[in-house]
Amino acid sequence: MKSLLELMAERPVLLDGAMGSTLQNEDLDVDQDYLGHENCVDLLVRSRPELIQSIHESYLAAGSDAVETDTFGANRLVLSEFDPALAEWTVDLNREAAEIARAACDVHATPTSPRFVFGSMGPGTRLISLGQVSFDEMTNSYAHQAAGLIQGGVDAFLIETAQDLLQVKSAINGCLHALDSAGRDPQEIPIFVSITIEATGTMLLGSDIAAAMVALRSYPIAGLGLNCATGPREMIPHITYLCKHWDRAVSCVPNAGLPVLVEGRTEFPLDAESLAESAREMVGQLGVDVIGGCCGTGPEHIAALADVVGKTRRADRAREPLPASCSSLYTDTAYRQEQSFFIVGERMNASGSRRFKRLLEEGDTDEMVSLARQQVREGANCLDINVDYAGRDGSDDMSRIVAEVVRQVDSPVMIDSTQPAVIEAGLQHAGGRCIINSANFEEGDEKFDQLCQLAVRYGAALVIGTIDEHPEEAMARTAARKFDIAK
């Protein structure tokens, strides 16, 4: 049978509809169904597996090519908020959820119509960029979830409803760690990412679609798209941008319109045909590769979308890749500037700025942020941050300063240190695409490889100096020597 990616190459793939809002219509008992943990819907795979499978099957019967596991909140961090003991169930709950979805797919699959399981991985309840959880804690939480989903037989991961770019990076790394541990790779079980753009036009923390794309494009993900928060019409400008500039699959999984409050209940006004009308435009004019329904959508919506997928030729996308860029938390910045060269502000460098060194000694973060803003006003395209200072905890300084600057200043950052651990401390607090300054061969291959690994893990760019271990000319001074080291 065809693989998921093979089917996607032939035609758009149709995902299922809502799980959460469907379960809200069920008469569920707190003790028996939620096992004493009200609204922990991930536990239903254990208490009510037949109910979860029946919901999956209702979407498959309506024409869905794939279903998402009932694991939106089934990671260690979220489960521990209901009960610390539940965190130990993470791997097993995800395995069971994947097995239930797989069983539903097996009922409806045929040799000509394979059905697929996407492992749902939601955003959780804490944001790294706001300091509510560490990058490593969240990565570990997702790694456990991904391990269970792999054991249960998922065909793909879906990191969905993402609100914070650091959360997405940690989830991707969690998936990659689990795949590596299982001896699998992203070609076998591809990773898809779906961010949430609010009605304001940005992600919850203010990231626009370009910032998200630049921050994530170096990762080995199969697709990027949008889900939740709004209906399809509000998503079209952002989907249009992705279809023009993203070089892999694009997904769109909207709500059934913007939610409205009716007699104390949240309702979604968009009927099946209205959703299908928007889907025709997205598939037939924009070239979307994955379509589905989020909150408020049911089997009737999926049936209407199945008709669109079956009858609408997917448009060919005339891709125009973005120029090489870095990004802040909020937006992207191209390296090649039209009016000037790419300017790096160097005043937040403890090795070269007396003022910054004094602010570092005084712990005056507000003034450091003011210094960052001043450089941007004066034309800096990127801010170099270097806290290397004998006698201080460089990792702590870098973490604290980067965390403040990236939230308050709309500029990409260049993380600068002689110590890989200090560089990593900064990268763990910057959601955009950073630049690492810098790598060279002065200390041989080992440190160079460490910095390359950091660039891969955090989706960063890397400045490389033409310096090696040559006993007479370590720092290259001629074009020929520079070229040799560069090779």
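1. Two strands are said to pair if DSSP finds at least two bridges between them, and strands (E, at least two residues) and helices (H or I, at least four) are DSSP runs numbered from the N terminus. The model is a predicted one, in which local features need pLDDT of at least 70 and side-chain atom pairs count only at pLDDT 80 or more, while totals for chains, interfaces and linings use all residues. Residues are numbered from 1 along each chain as its sequence is written, and side-chain values use heavy atoms, with hydrogens and water left out.

2. Strand β14 (residues 382-386) is joined to β15 (residues 413-416) by three bridges in the parallel sense, with Ile385 facing Ile415 as its bridge partner. Four bridges, also parallel, join β14 to β13 (residues 344-349), where Asn349 is partnered by Asn386.

3. Eight strands form an open parallel sheet in the order β1-β10-β7-β6-β5-β4-β3-β2. Because β1 (13-14) and β2 (66-68) stand at the edges with a single partner strand each, one side of each has no neighbour in the sheet. Within this sheet, β4 (residues 156-162) and β5 (residues 191-195) pair in parallel over four bridges, and Ile159 has Val193 as its bridge partner in β5.
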